[in-house]
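Thanks for asking me to look this one over. Please have the sequence and the coordinates open while you read my comments.

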Amino acid sequence: VRRLEDVGEHEWIARLTRRLSGAGKHARVLVGPGDDAAVIAAGRRPLLLTTDTLREGVHFRTRWLTPRALGRRAFAVNASDLAAMGGLPTFALLALEAPPATPVPHLDALVSGFASAARETGARLVGGNLVRGSALALTAALIGEAPGRVVTRAGARPGDGLWVTGQLGAAGVAIRALTRGRQARLSEPPRRLRAGSVLAGLASAMIDVSDGLLQDLGHLCRASNVAADLEIEHLPVAPRCQRALGPAAAAFAAIAGEDYELLFALPPRREQALARVRARLGCRLTRIGRVRRGRPRVRVLDGAGRPLALGRRGFDHFR
Ligand SMILES: [Mg+2]
């Protein structure tokens, strides 16, 4: 198999851009991959910009995922940040760092995985970069637009309910098993773009759950300057997490990261409106607590309403 060091940066990029030029066609792409920069026609809506990196040894090990699944994951985790604000992705850039011995088919599959995940949401990969590195790393940048209202982390008010989409803990269980050298399937992050754009019209604050529910709820509380109660018995724990951890599953699901579900605060007066749009979200929705007046702090309550201490709070790169 040919490796990057056999092919070189320029030949690989030239081949890739030939392949992408058809797939990247879009009325608003004036100059696509292959030139010094991409050129896109601006729309009338506000633009949302986000970037995120997946690095081998920090976020994944190569044996955990096929190259294609890794490319799809890189798109999904960035799209999740847009979903959390009510945005839909329109254009993407992908910067790659790879060791010289990387098999070319792996890198090809990685980029086509990314590009196909983008296309499935209506977005286009319009450019990127490749540099030599000691480990594989993917940095994606996404541009999105909001079809309606944009929601931030900062609007939650005392009395709002706290809600979460989907289920929690399955990705955490898979990553824990993989880290311990066992076999496990790390599923693709859920796609909550449609849910995010609908919920943005109703929520007072929203965030995606990437670093663990407890930690991300803490971010929302600090941005909104409120406190929160999390009712742990109401957490929608994924069956896979429940099977693996039994009675400890809910506490694990509260701190395990990589769920990429949406956590939002909803004023009581919008609950009827939420009931009306619920069927359109394409995912389940669970009320898991409430926002309180007070210093930004998350209290975890057990089934009897007693505060619990969970210890570790979630993922942090530097702690
Ligand atoms: Mg986020």
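Here are my notes, point by point.

1. Ground rules. This is a predicted model, in which local features need pLDDT of at least 70, side-chain atom pairs count only at pLDDT 80 or more, and totals for chains, interfaces and linings use all residues. Residues are numbered from 1 along each chain as its sequence is written, and side-chain values use heavy atoms, with hydrogens and water left out.

2. The metal site. D81 (OD) and D208 (OD) coordinate the magnesium ion at 2.0 to 2.1 Å. Donors here are N, O and S atoms within 2.8 Å of the metal (3.2 Å for Na, K and Ca), and water is not among the atoms, so sites may look incomplete. Helices (H or I, at least four residues) and strands (E, at least two) are DSSP runs, numbered from the N terminus.

3. D208 is buried, at 3% relative accessible area, whereas D81 is partly exposed at 24%. The cut-offs are under 20% for buried, over 50% for exposed and in between for partly exposed (1.4 Å probe, protein chains only).

4. Helix α3. Of its 17 residues, 13 are buried.

5. Helix α5. Which helices do the buried residues of α5 pack against? They pack against α8 (239-245) and α9 (249-255), where contact means heavy atoms within 4.5 Å. Seven of the ten residues of α5 (residues 170-179) are buried, so this helix is largely enclosed by the rest of the structure. Among the buried ones are A171, V173, I175 and L178. Just after α5, G181 has a positive phi of about 85°.

6. H219. This histidine belongs to helix α7 (residues 213-224) and is partly exposed, at 23% relative accessibility. Leaving aside residues up to four places away in sequence, H219 touches R153, I207 and D211. R284 is 65 residues from H219 in sequence and 23 Å away in space, C-alpha to C-alpha.

7. Strand β1. L30 lies in β1 (residues 29-31) and is exposed, with a relative accessible area of 58%.
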